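Here are my notes on this model, as numbered points. Please read them with the structure open.

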Amino acid sequence: MKRLVLAAVFTIILSGAVYASDTADAKPVNISFAQLLAQVKGELPRPPDTGEPLSVAAAEDLKKDSRYWVTIQAGDKYVRTALLEAGLDIAEIGDKSVSGFITAADLDKLPENGFTVQSRQTIYEYAKKHLKDFPAADARYHNYQETIEVLQGLAAANPELASLFSIGRTTEGREIWCLRLNSTQKGPAPGSKPGALYMGTHHAREHLSNEVALLYAVWLLEHKNDPEIRKYLDTLDIYIIPMVNPDGAEYDIRTGKYRWHRKNMRPNPDKSIGVDLNRNYDFLWCTQGASHSPGSETYCGPSAFSEPEPQAIKAFVPARPNLKVAMSYHSYSSLILYPWAGKDAEVDNARDRGVFTAMGAAMGKLTGYRPQRASDLYVATGETGDWLYSNYGIFGFTTELEGRSFYPGADIIDRAVAGNIKAALYMLSVADDPYKVLR
Ligand SMILES: [Zn+2]
């Protein structure tokens, strides 16, 4: 998101630290984690504070958006699950209610289906009250091109450890990039050492999830000579895919203002946009906690794995039977979630259940987030972690990062990254044999 100022900033601060993607003679140099994480702060131009909560252009765009921010009575996970099926995208959970976005069409049907809408406001009204940070003020976040440049810089500066490859293309044809960290094996070739997978940005507007995954990669390489990190790089096969849904992430900021876009960019037959990628995996697909209506925020798609982004993950994972653990970053709620998400039950296998519980508790402690079974919040089928575990026995977790909105501002990045690096390192520490957490 800081593209306009990127060149100047990197020239001044990082002294040409980024490997230019499209020039063969670009000169890769080290990217400093500290520089990326801290030094850039305050160095970027911010838009003048005019006291205007929303620019005229942004207002016009959001006035045309038919979605509402609503609060609906919901006292338990069964009502919450039904609301997901009715098209509500639950962002906040209270004791007796939930809040989130819903389309006007889905909202109209709620009362006749027995739901009590406590409050509603158009997305425009919501934005006027809640949107303080425009993309320009969030310049520390990395858009798609900037993310690629950082990944390329890392691969170029650390050829003995890092390699970069695409796992597939998106709906709009963007490459989904994967950085591999491994001291002996490079590129897309299968690995023989125990593997760990980290993913960000299944949901477009959750930009913090890209930062956490990306800066984790930067941090690992910057600490590659620390004995502990060296051991992981020598003995494990580490994959980091910061942007699973770059199309949606770019759409969310394309006009220079946020749009609260969640899904990918699939054009639907009813002219709505997008499929919810975290409902598109093939585990009890679209049986609970997802909507069959294309316009809905929780639309599961026409079939399981209908979308190219989850298809890319589907091709990636079984080709790497060495994968043992995985983390998918989302925002926001400060939670560490584990299976099942798609059914209201514990994992059957007692040992596996023990691993999920123990790893969840450990990562909860390191992040300050609450660990729990995902379906204790609500049942949502077609989700990544369930699919990873049910098909491949991979201990697949979801982290809902901290923050009180989808756009928590740039100041939250430092703390979120620091805490989640600790949890990600913990995951590496058990990746060789997750069952050792039981001993
Ligand atoms: Zn999400």
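1. Terms first. Two strands pair if DSSP finds at least two bridges between them. Helices (H or I, at least four residues) and strands (E, at least two) are DSSP runs, numbered from the N terminus.

2. Provenance. This is a predicted model; local features need pLDDT of at least 70, side-chain atom pairs count only at pLDDT 80 or more, and totals for chains, interfaces and linings use all residues. Residues are numbered from 1 along each chain as its sequence is written.

3. Overall make-up. The protein has 14 helices and 12 strands. Of its 439 residues, 50% count as buried. Buried means 20 or more other C-beta atoms within 10 Å of the residue's own; exposed means 12 or fewer, and partly exposed lies in between, with C-beta atoms placed from the backbone. Contact means that the C-beta atoms of two residues, placed from the backbone, lie within 7 Å. Among contacts between residues at least 6 apart in sequence, 75% join residues at least 24 apart.

4. The open sheet. Four strands are ordered S2-S3-S1-S4, with antiparallel pairing. Strand S2 (89–93) and strand S4 (117–122) stand at the edges; each has a single partner strand, so one side of each lacks a neighbour in the sheet. On average, neighbouring strands here are turned by 20 degrees against each other, direction ignored.

5. The S2 pairing. S2 is joined to strand S3 (residues 97–103) by 4 bridges, and the two run antiparallel. Which residue of S3 is the bridge partner of glutamate 92? That partner is serine 99.

6. Helices on the sheet. Helix H4 (residues 77–85) lies across strand S1 (67–73), S2 and S3, at about 150 degrees to S2. Helix H6 (residues 123–130) lies across S1, S3 and S4, at about 85 degrees to S4. Axes are lines fitted to C-alpha atoms, for helices over the stretch in contact; angles run from 0 to 180 degrees between N-to-C directions.

7. Helix H7. Why call H7 largely enclosed? Because 10 of its 14 residues are buried. Among them are Tyr144, Glu149 and Leu154. Their cover includes strand S5 (162–169), strand S6 (175–181), helix H8 (207–222) and helix H10 (246–253).

8. Proline 321. This residue sits in the loop between helix H11 (308–316) and strand S9 (323–331). Proline 321 counts as partly exposed because it has 14 C-beta neighbours inside 10 Å. Its C-alpha atom is 8.7 Å from that of serine 192, 129 residues apart along the chain.
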